[in-house]
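Here is a short report on one structure. Look over the sequence and the 3D view, then read on.

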Amino acid sequence: MDFQGDGYYPDNHGTSVASVLFSIAPDIKLYSAKVFSTKKSGTLTTVLKAIEWCIVSDIDLVNISFTIKDLSVQSIVEHAVGSMLARGIWTICSAGNYGSRFMGLPARLDSVLTVGAWHKNNPASFSSRWGNKPDCYYWGINVEVAKLEGYGTMSGTSISTPFATGLLALAREYGILDWNLVKYRLKGKINPTTRDLKMVV
Amino acid sequence: MQNRKRIIVTDTTIEPDEFRDVDVIHLKHLGIVIIEGTTSNIEKLIEEGKVKQYVEDVVVKKSSLVVNPEKVEYIRQEMPLSGKNVKVALLDSGINTRHHFF
C-alpha cells in the first residue's frame, strides 16, 4: 500500500528488512506500507495513515525501521502506538543509529519494543541509547540481506529490528499474547531466541 | 492431457538439436540444458541413453530461501514455527516482490 502517493516503487531498505523477516517467519502474511517518498523521507501524517490502516487491517505486528527526530510530536506518536497496543498490535522498532547522543520516536516509548544493533567486536555499537532503551539487541553489522537486485549486507538498527519482529511472529503463532511478559523476558537480552520466551517443542 | 516432466541435463557432450518431441532450452553460459516434454518422451530419452547426467526439476519454496541461515536456526531453537496466520506490517520503503528471494 502506497501512503506517499508517488507510486509503489521497490527499494533496497524495504526489500532488505523484509528478507530478514521472511527468513525467520516465512509463512507470515506481509502487509507492506510504503511510507517513504522517492526522496527516501516520509512525514508524520503518512505514518499516521499507515498506522490507521494497520488497525483497520487487524495487523498483529508492526515493524518500524525508522525514527522520527522531532520530539515535539511525541504525544501524537505515543497516542498512535498506544492505540495499536490497546488492540493487541505490537510495535517493534529500531533504536536508531545515534549512539548515546540521541534516541528518536517511537523508539523511546515504553509501549514499543526497541531493538538495538549488536556485534561481538563492538558491543556498544552505534545504537541509540536512552534511559533503559533499547529493550534488546540483535545482530546489526554486515547482516546478509536481499537487495533490490541480488544479495548483499546491511548494517544498522534497521536490520536488527526484523530479527525481533520475526521472533515475535513465531511467538504469536505459538499463542503468546502477553505483551508485558514478552517485554520482560526480552529485556536486556542479546540475540534472544524462542527459549528466552520459554517456547518449548 | 499427458503428464509433463522437466529434467536438467549437465552432460555437456549432448547436442540439443538432436532431440525431437521435447522442448529444449540451452543455457549456454551455464553449460546446462533443460528438457521438457511428456513424461513418456522424457523417459524414452533416458532409456535410450541420450541423456546421462541429469536431475529432475524440483519445486523451490519461498521458505527454502533464507538469508543468515545460522542466525535463523539460532533464533528458532528447533521450534517448528513459521509465523503462520500472523499478519505483519512493514512501515518502510517499497519491497521488490519480484526478487527471487520472495
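## Around one proline

Leaving aside neighbours within four places in sequence, Pro106(A) is in contact with Ile64(A), Val77(A), Val81(A), Thr91(A), Cys93(A) and Val112(A). Two residues are in contact if their C-beta atoms, placed from the backbone, lie within 7 Å. This is a predicted model: local features need pLDDT of at least 70, side-chain atom pairs count only at pLDDT 80 or more, and totals for chains, interfaces and linings use all residues. Residues are numbered from 1 along each chain as its sequence is written, while chains are lettered from A and ligands numbered from 1 in the order in which they are written.

Where does Pro106(A) sit? Its place is the loop between strand 3 (90-94) and strand 4 (113-118) of chain A. Helices (H or I, at least four residues) and strands (E, at least two) are DSSP runs, numbered from the N terminus. Why does Pro106(A) count as buried? It has 24 other C-beta atoms within 10 Å, so it is buried. The cut-offs are these: buried means 20 or more other C-beta atoms within 10 Å of the residue's own, exposed means 12 or fewer, and partly exposed lies in between, with C-beta atoms placed from the backbone. Ser155(A) is 49 residues from Pro106(A) along the chain, and their C-alpha atoms are separated by 20 Å.

## Chain A as a whole

Chain A has five helices and seven strands. Along the sequence they follow the pattern α-β-α-β-α-β-β-β-β-β-α-α. The radius of gyration of chain A is 16 Å, close to the 17 Å that the globule rule gives for 201 residues, so chain A is as compact as a globular protein of that length. The radius is taken over C-alpha atoms, and the rule is 2.2 Å times the number of residues to the power 0.38. The C-alpha trace of chain A spans about 45 × 35 × 35 Å along its principal axes. Of its 201 residues, 52% count as buried.

Helix 4 of chain A has 18 residues. From first C-alpha to last, helix 4 reaches 26 Å, close to the 26 Å expected at 1.5 Å a residue; the expected span is 1.5 Å times one less than the number of residues. Of those 18 residues, 17 are buried, so helix 4 of chain A is largely enclosed by the rest of the structure. Just after it, Gly175(A) takes a positive phi of about 110 degrees.

## Where the chains meet

The contact takes 60 residues from chain A and 32 residues from chain B. Helix 1 of chain A gives the most to chain A's side, with eleven residues.

Strands also pair across the chains. Two strands pair if DSSP finds at least two bridges between them. The table lists two pairings.

| Strands | Bridges | Direction |
|---|---|---|
| Strand 1 of chain A, strand 5 (residues 87-92) of chain B | Six bridges | Parallel |
| Strand 2 of chain B, strand 3 (residues 32-38) of chain B | Five bridges | Antiparallel |

Tyr31(A) stands opposite Ala89(B) in strand 5 of chain B. Val24(B) has Ile35(B), in strand 3 of chain B, as its bridge partner.

## The sheet of chain B

Four strands of chain B form an open sheet in the order 2-3-1-4, with antiparallel pairing. Its edge strands are strand 2 (23-27) and strand 4 (54-56) of chain B, and each pairs on one side only.
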